[in-house]
Amino acid sequence: MLSANNPYGNVVLLTGASSGIGRSTAILLAKNGFRVYGTARNVGENEDYQNGFIHMIKMDVCSDSSVLEAVTQVLNIEGKIDILINAAGMGISGAVEECSAQDAFNQFNTNYFGIIRTIGAVLPLMRKARNGLIINISSVGGIFSIPFQTLYSSSKFALEALTEGLRIEIAPFNVKATLIEPGDIKTGFTKARIFSYKSDDSVYGERFHAAIAQMEYDEQNGKPPETIANAIMRVIRKKNPPIRTVVGAMYKAFVFFKRIMPSRLVEFVMTQMYPNSKKKSVRDV
Ligand SMILES: NC(=O)c1ccc[n+]([C@@H]2O[C@H](COP(=O)([O-])OP(=O)(O)OC[C@H]3O[C@@H](n4cnc5c(N)ncnc54)[C@H](OP(=O)(O)O)[C@@H]3O)[C@@H](O)[C@H]2O)c1
């Protein structure tokens, strides 16, 4: 179904639908009549709303075959996917020196290669249909590199580049791609964070703990995930979605600040905000 409110259609494939931003988005879309195929490794019950629904499918974005199987399931039911929302993601924290190449691969495997996999499976169909929207959930951490969460920021910087280039490649086929850049949001992300911190003897110990304490404080005192779901809904209603949507006035100001301020000043502010933060660690890592 195409409508003025929704130029793409109502069949949505949404990764990361079991928690946080993905879950809130699934509920909002289903309540608005979308047929949401939500995916995650841990799937709960299907849910029916007045006109729409959430149908959960098990999928690990780190597995080629799992992604292909999930996409095939949706196609067997619907014959098409109008909107792909890539919300699955997680964060690995640690000093770069104490992260292995395997840690970096694991970070990229979920946040970047996972999106390569879903796009690879869905884009050929959208291209043939000459219709589609791909929404990639990036982060303000994809604009500012967050110290001691540098692998995560790297994966989001890469996602920014991916989406910018992809938009140009797919434009002739009437398929759109767009980035959503949340700031700190209160979700399961904090609890799911993986640490590559090695030992209490680490030369980074105090500054690492300070940076993590600040991040966890900001996330747990952040806006609810519904704010991002609302931003996603607004983008879905746009025929020509923007390249990026920063969500929230404060984060918009931060991003503007980065654009106009000298890089060394931005670096000074990041240093004060994270490794020099006075927040107490909220957990033992
Ligand atoms: N929370 C924040 O402050 C914040 C800020 C900026 C950007 N973001 C981004 O927003 C997105 C959603 O995160 P969130 O905050 O909503 O975190 P969340 O509550 O932890 O949700 C993460 C979702 O991703 C899924 N997931 C993780 N690894 C997966 C895998 N290998 N295969 C399939 N699904 C996987 C999880 O489901 P299963 O574990 O069941 O698989 C879960 O549904 C992420 O891309 C994150 O980087 C979050």
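Two strands pair if DSSP finds at least two bridges between them. Strands (E, at least two residues) and helices (H or I, at least four) are DSSP runs, numbered from the N terminus.

This is a predicted model: local features need pLDDT of at least 70, side-chain atom pairs count only at pLDDT 80 or more, and totals for chains, interfaces and linings use all residues. Residues are numbered from 1 along each chain as its sequence is written, and side-chain values use heavy atoms, with hydrogens and water left out.

**View 1. The open sheet has eight strands.** Their order is β3-β4-β2-β1-β5-β7-β8-β10. The pairing is mixed. β3 and β10 are the edge strands, and each pairs on one side only. Strands of a sheet pair through backbone hydrogen bonds, either parallel or antiparallel.

**View 2. Strand β8 meets β10.** β8 covers residues 175-181. The two strands pair in the parallel sense, over three bridges. L179 stands opposite R244 in β10.

**View 3. The ligand sits among 30 residues.** S18, S19, R41, Y152 and T187 come nearest. The shell divides into 13 nonpolar, twelve polar and five charged residues. Here Ala, Val, Leu, Ile, Met, Phe, Trp, Tyr, Cys and Pro count as nonpolar, Asp, Glu, Lys and Arg as charged, and the others, Gly among them, as polar.

View 4. Taken alone, the ligand exposes 890 Å². The protein buries 94% of that. Accessible areas come from the Shrake-Rupley method with a 1.4 Å probe. Helices α1 (20-31) and α4 (150-170) are the elements that give two or more residues to the shell.

**View 5. R23 forms a salt bridge with E47.** A salt bridge is a side-chain nitrogen of Lys or Arg within 4 Å of a carboxyl oxygen of Asp or Glu. By this rule the count comes to nine. In this one, the closest N and O atoms are 2.9 Å apart. The pair links distant parts of the chain: R23 is in helix α1 and E47 in strand β3 (residues 47-48), 24 residues apart. R23 is partly exposed at 28% relative accessibility, and E47 is partly exposed at 22%. Buried means under 20% relative accessible area, exposed over 50%, and partly exposed in between (1.4 Å probe, protein chains only).

**View 6. R244 and E160 meet in a salt bridge.** The N to O distance is 2.7 Å. R244 belongs to strand β10 (residues 244-246) and E160 to helix α4, 84 residues apart. R244 is partly exposed, with a relative accessible area of 30%. E160 is buried, at 5%.

**View 7. R193 forms a salt bridge with E219.** Their closest N and O atoms are 2.5 Å apart. R193 lies in the loop between α5 (189-192) and β9 (194-195), and E219 in helix α6 (residues 205-220), so the pair ties together parts 26 residues apart in sequence. R193 is buried at 4% relative accessibility. E219 is buried too, at 6%.

**View 8. E160, E164, E181 and R244 form one network.** Salt bridges that share partners join these residues.

How values were computed
A residue is near a molecule or strand if one of its heavy atoms lies within 4 Å of it.
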